[in-house]
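Please open the model in your viewer and keep the selection panel at hand. The tour below moves from one selection to the next.

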Amino acid sequence: MCGIISYCGKRPAIPILIDGLKRLEYRGYDSAGLSTVDNNKMVTIKTVGKVAKLENKTAGIQNSSTFGIAHTRWATHGKPSEINAHPQSDCTNKISVVHNGIIENYLELREELQKKGHRFKSQTDTEVVAHLIEDNYEDDLEVAILKTVERLVGTFGLAIIHSDFDHRVFIVKRGSPIIIGIGDDEYFAASDSNALAPYTHKMIYLSDDEFAVLNSNKYYIKNMKNQILEKKIEILEEDDYQVDKKGFEHYMLKEIFEQPESIKNAFRGRIIINEGVSKLGGLEPVVDRLKDIKKMIIISCGTSYHAGLVGRYIFESLTELDIEIELASEFRYRRLKLDEDVAVLAISQSGETADTLAAIKEAKRKGALLLGIVNAVGTSIAQITDAGVYNHAGPEIGVASTKIYTSQLVILTLMALFIGRYQSISFSEGNEILCALKKLPDQVKDILKNDNQIKKIASKYSGYNDFLYIGRLYNYPTAMEGALKLKEISYIHAEGYPAGEMKHGPISLIDENFPTIAIVPIDSTYDKMINNVHEIKARNGKILSITNEKAEKIKKLSDDFICVPQTIPILQPILNIIPLQLFAYYVAREKGCDIDKPRNLAKSVTVE
Ligand code: M6R
């Protein structure tokens with residue numbers, strides 16, 4: 001989704017802005033632009049399409065400005081075009097604004113400003129911000145910006161410059177991500193820390209309704225009452241970056257292959273095998289409250305929702321809690337009693353997903369204990385929750401989430417064990433889970449060794465237009481996640497279903513052109529899964545199964561099968577998803593799709 005980068009320092013701004021935009025490309029966008037001030041004149045350059053095109057456009061321009069703002073736009077209001085690309089400006093072209101988020105009351109503000117004589121050029125919601133600042137400006141720009149923000153309804157990360165104010169970049173945050181980078185006599189703002197990786201590791205995470213002013217040799221942060229705030233500077237580690245492909249053709253493939261390490265990082269230092277417990281420093285501050293919790297509601301979106309679905313079964317098997325799971329985008333419509341007995345657990349890779357953020361704010365209002373599982377350090381969801389656990393999986397750049405999903409499943413297991421050991425889970429049960437967990441990285445390595453076999457199978461199946469994925473219990477979410485992976489990167493229609501539901505409808509789709517991917521581990525669901533596979537075979541459906549080496553019956557029944565090592569049932573989804581990630585990857589590759597940046601999708605979905 002939209003990405004923002006701003007610079008204020010002593011170096012020429014344009015190369016830094018372009019470089020920052022390139023680092024934000026993975027978020028997904030359709031147009032790009034930047035503004036700097038040269039000889040007291042606003043210079044704005046925009047393009048539809050890639051940042052490389054914007055770079056070409058800036059190549060011949062003599063501009064030594066040392067401050068500016070830039071943006072990658074993911075269209076919401078108005079189609080992708082140069083006019084609608086950011087920065088957006090006011091009538092005098094003295095004010096330039098870039099924005100991530102949505103101004104919900106923009107139509108009303110636009111009409112009001114038009115009546116006053118303001119002339120609008122774009123269809124964007126963002127343009128009202130520039131005009132409103134112009135309208136509010138008398139003699140103090142900061143006051144004008146504060147007055148403007150007071151009128152805005154919605155979510156926004158904003159970066160603003162004014163051609164009369166040399167070396168000043170104004171940043172505002174409400175609901176959308178924007179962080180400040182502190183260099184030596186130079187300051188940055190960006191949608192995420194990746195954009196700032198080569199420039200600084202010192203970050204300030206703004207909270208909602210905070211306002212920063214960056215100058216070339218100082219910065220300050222205020223609240224909306226115009227009072228100066230003291231904010232902590234966080235230092236990021238090298239591991240929090242690392243954004244090159246390391247020789248892999250795509251980030252997605254690299255991230256799939258990183259899973260032995262990301263799984264290990266999820267439990268490293270967090271397990272005490274000989275006590276059968278997990279040690280989660282992030283939950284310690286709320287441990288007393290956690291012991292009294294009766295119910296947990298998991299909220300998340302997309303792949304993180306699928307992790308939550310597996311989490312529901314894990315929590316049910318390891319704790320005494322009542323567990324509910326809800327899509328974050330639906331949560332706020334429900335009439336739920338959320339009091340101090342209830343914990344709401346938000347799961348999010350980016351920590352900025354607008355639906356999840358809105359849901360967690362709703363839960364906060366009602367007094368629930370707020371917990372988080374977040375990968376991106378310091379992000380909004382990490383800030384707003386009372387306690388939580390970081391994935392420490394490093395950045396995930398491919399739009400299709402892979403290594404974070406398996407990392408989320410590990411952390412859900414650790415969380416459930418953390419709570420379960422205060423309840424009825426015994427030492428030996430805890431010990432068994434942790435021993436199984438420790439074996440996972442090597443088992444994942446074994447699956448990855450089969451890469452070639454999976455590639456061949458993917459090639460065989462890449463010509464089909466529809467797929468059904470089925471599984472039961474822990475692997476019903478695996479079916480949904482496998483199907484999501486295939487559809488988002490290869491644009492092939494795929495449905496993930498609990499296998500038992502097949503006979504209630506979807507089986508009517510099955511024929512020789514509609515293959516089924518069946519997830520059939522050796523566990524309590526095995527015999528029932530075999531029955532479902534028979535039902536499909538009886539209708540000439542092709543079967544590709546994900547199973548275990550010793551599962552002779554299903555191997556015989558399947559047209560093709562991929563074996564994964566066996567682990568305890570609650571952890572089996574971690575192993576079962578890996579061949580499905582590779583299958584989706586190789587099908588998409590065979591079809592020549594833009595795997596890391598699939599059409600219409602964004603990595604960080606910052607609008608509701
Ligand atoms: O950053 P989050 O985990 O909150 O993101 C949630 C979804 O947008 C995300 O998982 C999405 O479904 C991925 N593209 C799936 O691969």
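Helices (H or I, at least four residues) and strands (E, at least two) are DSSP runs, numbered from the N terminus, and the expected span of a helix is 1.5 Å times one less than its number of residues. This is a predicted model, in which local features need pLDDT of at least 70 and side-chain atom pairs count only at pLDDT 80 or more, while totals for chains, interfaces and linings use all residues. Residues are numbered from 1 along each chain as its sequence is written, and side-chain values use heavy atoms, with hydrogens and water left out.

Select helix H17 (residues 526-537), whose 12 residues reach 16 Å from the first C-alpha to the last, close to the 16 Å expected at 1.5 Å a residue. Within H17, Tyr526, Met529, Ile530, Asn532, Val533 and Ile536 are buried (under 20% relative accessible area, with exposed over 50% and partly exposed in between, for a 1.4 Å probe and protein chains only). These residues cover an arc of only 160° around the axis, which puts them on the same side of H17; the arc is that of the directions from the helix axis to the C-beta atoms. The buried residues of H17 pack against strands E23 (466-471), E25 (516-520) and E26 (543-547) and helix H18 (552-557), where contact means heavy atoms within 4.5 Å.

Next, select strand E2 (residues 31-38), of which 8 of the 8 residues are buried, so E2 is largely enclosed by the rest of the structure. E2 pairs with strand E3 (residues 41-48) in the antiparallel sense over 8 bridges, pairing being called if DSSP finds at least two bridges between two strands. Finish on Ser35, which stands opposite Thr44 in E3 and opposite Ile69 in E4.
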